[in-house]
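Hello,

Here is the structure I promised to pass on to you. Have a look at it first, and then read my notes below.

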Amino acid sequence: MTTSTESHVRFDPYDVDLIADPYPMFARLREEVPLYYNSEYDFYAVSRFADVNKALVDNATFSSARGAILELIKANLDIPSGMLIFEDPPIHDVHRKLLSRMFTPRKINALEPMIREFCVQSLDPIVGTGHFDFVTDLGAQMPMKTISALLGIPEDDQVFVRDHVNAQLRTEAGKPMDHTKGLSVGDMFEAYIDWRADNPSDDIMTELLNVEFVDDKGVTRRLTREEILVYLNVVAGAGNETTTRLIGWAGKVLAEHPDQRRELAQNPALIPQAIEELLRYEPPAPHISRYVTRDVDIHDQTVPEGSVMMMLIGAACRDSRQFGPDADSFNIHRASRPHLTFSVGAHFCLGAALARLEGRIALEEILKRFPEWEVDMANAKLSPTSTVRGWETMPALVS
Ligand code: HEM
């Protein structure tokens with residue numbers, strides 16, 4: 001095994017060509033350099049399922065409190081209170097508990113008819129045209145409408161919200177994310193919060209405005225307006241583009257596996273397991289990072305305190321040690337084993353059930369209308385972000 005410092009495998013998270021198909025490189029990292037070090041950007045990476053799983057759970061050693069994205073950790077920015085994805089316990093748990101009120105099974109399941117209606121609105125006008133873009137026609141629309149409805153944001157403001165949030169995450173092709181604008185929570189939700197404060201309803205926003213809780217200093221209080229704003233940004237940021245990308249991947253991967261797609265069209269009861277396999281096979285968030293709080297030994301080497309550790313979820317999800325010798329193939333009948341697409345531990349995705357529901361309904365409604373399709377890869381565009389991997393357009397000829 002090669003030591004991480006003299007690695008011959010190259011993983012540049014900003015190399016657009018490499019990221020177009022990272023899996024051969026991920027396989028080499030897993031097998032040849034399970035603890036990888038990149039001297040150009042100064043980060044470590046783990047890629048085996050067991051290593052990624054263990055590190056994600058160990059939030060005392062691998063902290064989120066300086067951010068969970070390489071560029072943000074390096075920039076050492078101030079993280080606004082309430083940005084729970086970039087916090088450690090105990091304050092993380094306080095904020096997560098409050099936000100999890102939005103994501104109870106009852107609230108999520110109640111969204112099903114509305115999500116289906118959003119899919120119908122996007123898909124019905126396309127029937128008969130012969131053309132369908134999985135991302136622009138559906139993937140970029142339905143998740144945003146769903147989150148906005150969950151929050152109670154009026155439909156007129158929704159496109160603005162999506163574009164604003166996606167622009168914050170965008171990286172220029174081949175370049176790191178521009179963090180110079182800081183983690184401004186912006187003002188896009190402010191008018192809505194103020195309006196809702198004056199016009200209480202039975203929605204989650206009214207609940208968040210009124211809830212009393214004991215904070216990490218033992219003080220019983222309500223959330224500040226700033227904290228609620230941060231919450232809204234976290235939810236919109238975490239739940240929009242990821243789900244959009246899942247739908248783009250569904251278009252591509254099922255086009256490449258027409259037999260499995262036909263099975264799904266004939267037997268929609270298989271769709272939930274197909275969504276699970278899509279999530280494993282093409283994770284929309286293929287890596288997340290942590291700040292290393294103490295010297296830690298991994299594969300006989302010491303990772304020093306103060307380093308950045310990247311968790312290669314995309315590599316872990318194809319590890320044959322977890323998924324068997326055919327881990328690199330797409331198989332909707334694969335025996336179900338836990339994957340890491342939604343992370344694990346304290347930060348396990350709060351929206352996982354919602355993402356699964358949205359994925360299932362989207363695929364049901366697509367297959368009802370278009371049981372066959374071919375993707376036009378020459379015109380499909382890969383999104384350039386270094387944080388979320390997937391398609392900005394996935395045009396298809398449908399029948
Ligand atoms: C396919 C779609 C999705 C994927 C792949 C995904 C992935 C992830 C991942 C990997 C994390 C953990 C980050 C970490 O450990 O640092 C996360 C956290 C989170 N996700 Fe998702 N997500 C998806 C959809 C959603 C949706 C639809 C929502 C809400 C509407 C959502 C809300 C959140 C929130 C609030 C967190 C922070 C949880 C915490 O820090 O405790 N996600 N997501």
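Arg 321 and Asp 319 join their side chains in a salt bridge, with N and O 2.7 Å apart; the term stands for a side-chain nitrogen of Lys or Arg within 4 Å of a carboxyl oxygen of Asp or Glu. Asp 319 is buried at a relative accessible area of 0%, while Arg 321 is partly exposed at 43%. Here buried means under 20% relative accessible area, exposed over 50%, and partly exposed in between (1.4 Å probe, protein chains only).

Before going on, please note that this is a predicted model, in which local features need pLDDT of at least 70 and side-chain atom pairs count only at pLDDT 80 or more, while totals for chains, interfaces and linings use all residues. Residues are numbered from 1 along each chain as its sequence is written, and side-chain values use heavy atoms, with hydrogens and water left out.

The structure holds 33 salt bridges. Another of them pairs Arg 221 with Asp 215, their closest N and O atoms being 2.8 Å apart. Asp 215 is buried, at 10%, and Arg 221 is partly exposed, at 23%.

Now to the ligand. Its iron atom has Cys 349 (SG) as its only protein donor, at 2.3 Å. Donors are N, O and S atoms within 2.8 Å of the metal (3.2 Å for Na, K and Ca), and water is not among the atoms, so sites may look incomplete. Cys 349 sits in the loop between helix 18 (320-323) and helix 19 (352-369); helices (H or I, at least four residues) and strands (E, at least two) are DSSP runs, numbered from the N terminus.

Around the ligand there are 27 residues, the closest including His 92 and Cys 349; a residue belongs there if one of its heavy atoms lies within 4 Å. An oxygen atom of the ligand is 2.6 Å from a side-chain N or O atom of His 347. Polar side-chain atoms also lie 2.7 Å from a ligand oxygen for Arg 96 and 2.8 Å for Arg 290.

Helix 19 supplies at least two residues of this shell. Of its 18 residues, 14 are buried, so helix 19 is largely enclosed by the rest of the structure. Within it, Lys 368 forms a salt bridge with Glu 365 at 2.7 Å; they are 3 residues apart, about one helical turn. Lys 368 is exposed, at 58%, whereas Glu 365 is buried, at 2%. Salt bridges with shared partners join both to a network that includes Glu 112, Arg 116 and Arg 360.

Best wishes

Note on methods: A polar contact is a pair of N or O atoms within 3.5 Å; within protein, one must be able to donate a hydrogen and the other to accept it, and residues adjacent in sequence count only if both atoms are side-chain atoms.
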